[in-house]
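Visitor: Please show me the structure, and then I will ask about it.

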Amino acid sequence: MRSRTNLTEYCDHSQNVIDSGKDWTQNFEAVPVPFALTSKQLGEGHPRDVDKDNLGGEVHQGFLDELAAVQDQVVAELLKRGDRSLPVYVTGHSQGGAEAALATRALLAGGFNVVSTYTFAAPRPGNLEFTKSIPADVPVHRIECGDDIVPHLPPTLIERKHDK
């Protein structure tokens, strides 16, 4: 007996492949931008001594754009579940791992109690200044597998300036 192919599922999969290709292209084109978020993305009542326009260093614009698209929703959900003192663990895989690193700094700037971050096969999200903006007492565990290229992308983040 022949099985039927659900064309809708095939089309959805094709779109995922196209979207994935666009993500990879964006990962290679690391445009450095200052790490900045809005007050809403840090959460209502965030510490006022935080410079939301300079959260630390330069970061990959694509990863920052992805974080910015959901950060206010994440903060709203965390605030709905309790106050900022509750422990928060941040995790992500691949592109989500880069965004998890950015989210760690953003949540800390918003006054949340980030206990630890775990990233799996994550590309580099920002420059050395960004890395140093995460306090040493908040462990960030970068898990990489063998010869996986993703954790080594972009190759020179972000010590060069992008010319427009």
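Visitor: What volume does the largest pocket have?
Guide: This is a predicted model, in which local features need pLDDT of at least 70, side-chain atom pairs count only at pLDDT 80 or more, and totals for chains, interfaces and linings use all residues. Residues are numbered from 1 along each chain as its sequence is written, and side-chain values use heavy atoms, without hydrogens and water. A pocket is an open set of points on a 1 Å grid over the protein atoms alone, where a 1.4 Å probe fits, with protein on both sides within 12 Å along at least five of seven lines. Its volume, the space filled by probe spheres set on the points, is about 280 Å³.

Visitor: Which residues that line the largest pocket are the closest to its centre?
Guide: Lining residues have an atom within 4 Å of a point. There are 17 of them, and the closest to the centre of the largest pocket are Pro125, Gly126, Phe130, Thr131 and Arg142.

Visitor: Which elements give two or more residues to that lining?
Guide: Helices (H or I, at least four residues) and strands (E, at least two) are DSSP runs, numbered from the N terminus. Those that give two or more residues to the lining are α4 (95-109), α5 (128-133) and β5 (140-143).

Visitor: Which residue in β5 is the bridge partner of Phe120?
Guide: Strands pair if DSSP finds at least two bridges between them. β4 and β5 pair in the parallel sense over four bridges. In β5, the partner of Phe120 is Ile143.

Visitor: How many contacts does the model have for residues 1-10 beyond four places in sequence?
Guide: pLDDT, the predictor's confidence in each residue from 0 to 100, stays under 50 over residues 1-10. Contact means heavy atoms within 4.5 Å.
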